[in-house]
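Trainee: Hi! I've just opened this one and could use a guided tour. Could you walk me through it?

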Amino acid sequence: MYSACLAVLFLKTMSTARQDQGLTAAQLEAFDRDGYIIVPSVLPPATVESLLVETRRLLDEELSLDDHPMTRFSTGGATGEDHVGDAYFLESGDKIRFFLEEDAFDPATGLLAKPKHRAVNKIGHYLHALSPPFTALLNHEGSAPPKARPAAVARALGFRDPRCLQSMVIFKQPEIGGAVPPHQDSTFLYTNPPSAVGFWYALEDATLANGCLSFLPGSHRWAPITHRLVRKTGGAGGTKMVSNDGARFPEGAEYGEDKKSEPEQGQYVPGEVKAGDLVLIHGNLLHKSEKNLSQKGRIIYTFHIIEGGEGSVYDGRNWLQPPEQGFTKVYPPGV
Ligand SMILES: O=C(O)CCC(=O)C(=O)O
């Protein structure tokens, strides 16, 4: 009996240790080398379904086009001048708001030409705090077996005090889902030194046909954060790209412009994924997604974390500013 109890205790301890690991040694090595990894089957089908049900509810119940400012999501190109930057966008950091797909509008009339659930490009940016199913995902509650929990992954990646600063459901609507040009997430979510990491969960299968992500492996090591998206000053609203005068890489001897590996230069690698898979993306990694010209849409959920601990400075000019209570802690209190 005693030894059976000990065995149970041992198994429990082992399984807790396994649960807390977040990433395996091989996954960590791949993330360090490539700047991204795909972790299969992190979300069980029931969790995926609950997030899709919530997404549909938000579209049905929370999005009214009657009083919507018709804000379209635009990535804005190199200057950032055309990046979406109206008040509806700039004040969305602690709200759930809906940004529309550019090609959902009729170019001749300027009017929306698609029903609302086929017209949205993304929902953001505070789902992780305001929507219970998305909050549960950040805390990784209710999914069995726990695998690659955000807190455990953040710990495995060496975060001291990770903060979730934004979350989004991103759609690639059938036929019109817009392309996302090559970019680095730390350009938009800048800390000095750069520390952003993206958690990107497929809620539907994403393939080459419907606009999956693709990545330039290893570019996180040699591609500097040369620019940053900031709010324009002077009260007129809007955003712009400015030259980055702060650190351009995370700290560490593995980073620097001399780390470029020539043979792989320019070769983006597609990351086709199944619903429930997680993609982790280093904030310096160049990645993109193509336009969805197919009949099949895809929906994903993503949130980003940054280092909130000592020595990491969040810039007051960033387009996204913290709510009064600060960005959401990822580690449970007291841990
Ligand atoms: O889902 C996409 O197509 C783009 C997402 C992305 O690149 C990001 O969140 O950084």
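Mentor: Happy to! Keep in mind that this is a predicted model.

Trainee: What volume does the largest pocket have?

Mentor: Its volume is about 980 Å³. The lining is made up of 47 residues, and the closest to the centre are Thr75, Val180, Pro181, His183 and Phe188.

Trainee: And which element gives the most to the lining?

Mentor: That's S4, with five residues. Elements that give two or more residues include strand S3 (120–125), strand S4 (162–172), strand S5 (180–183) and strand S14 (298–307).

Trainee: How much space lies in the second largest pocket?

Mentor: About 490 Å³. It is lined by 23 residues, and the closest to its centre are Leu157, Pro194, Ser195, Pro250 and Glu251. Helix H2 (residues 25–34) supplies the largest share of that lining, three residues. Sorted by class, the lining of the second largest pocket has eleven nonpolar, six polar and six charged residues.

Trainee: Let's zoom out. How many helices and strands are there in the chain?

Mentor: Eight helices and 16 strands. The chain has 335 residues, and 51% of them are buried. If you take contacts between residues at least 6 apart in sequence, 82% join residues at least 24 apart.

Trainee: Which strands run alongside it?

Mentor: S4 and S14 run antiparallel and are joined by ten bridges. Within S14, isoleucine 306 stands opposite arginine 163. S7 also pairs with S14 in the antiparallel sense, over six bridges. Look for tyrosine 201 there, as its bridge partner in S14 is tyrosine 301.

Trainee: What about the largest nonpolar core, which residues have the most contacts inside it?

Mentor: Those are Ile123, Phe199, Tyr201, Tyr301 and Ile305, in a core of 60 residues. As general background, nonpolar side chains tend to be buried together in soluble globular proteins.

Trainee: What does isoleucine 305 touch?

Mentor: Leaving out residues up to four places away in sequence, isoleucine 305 touches a list that includes Ala154, Phe159, Pro162, Arg163, Val197, Phe199 and Val330. Another core lies apart from the largest one, with 14 residues, among them Tyr36, Trp200, Ala206 and Val279.

Trainee: New topic: where does serine 131 lie?

Mentor: Serine 131 sits in the loop between helix H5 (127–130) and helix H6 (132–138).

Trainee: Is serine 131 buried or exposed?

Mentor: Buried, because its relative accessible area is 0%, and the cut-off for buried is under 20%. Not counting residues up to four places away in sequence, serine 131 touches Glu54 and Ile96.

Trainee: Great, I'll go and find those in the viewer. Thanks!

Note on methods. Residues are numbered from 1 along each chain as its sequence is written. This is a predicted model: local features need pLDDT of at least 70, side-chain atom pairs count only at pLDDT 80 or more; totals for chains, interfaces and linings use all residues. Side-chain values use heavy atoms; hydrogens and water are left out. On a 1 Å grid over the protein atoms alone, a cavity is a set of points where a 1.4 Å probe fits but cannot get out, and a pocket is an open set with protein on both sides within 12 Å along at least five of seven lines; lining residues have an atom within 4 Å of a point. Grid points are joined across faces, edges and corners, and a volume is the space filled by probe spheres set on the points. Helices (H or I, at least four residues) and strands (E, at least two) are DSSP runs, numbered from the N terminus. Ala, Val, Leu, Ile, Met, Phe, Trp, Tyr, Cys and Pro count as nonpolar, Asp, Glu, Lys and Arg as charged, and the others, Gly among them, as polar. A nonpolar core is a set of buried Ala, Val, Leu, Ile, Met, Phe, Trp, Tyr and Cys residues joined through side-chain atoms within 4.5 Å. Buried means under 20% relative accessible area, exposed over 50%, partly exposed in between (1.4 Å probe, protein chains only). Contact means heavy atoms within 4.5 Å. Two strands pair if DSSP finds at least two bridges between them.
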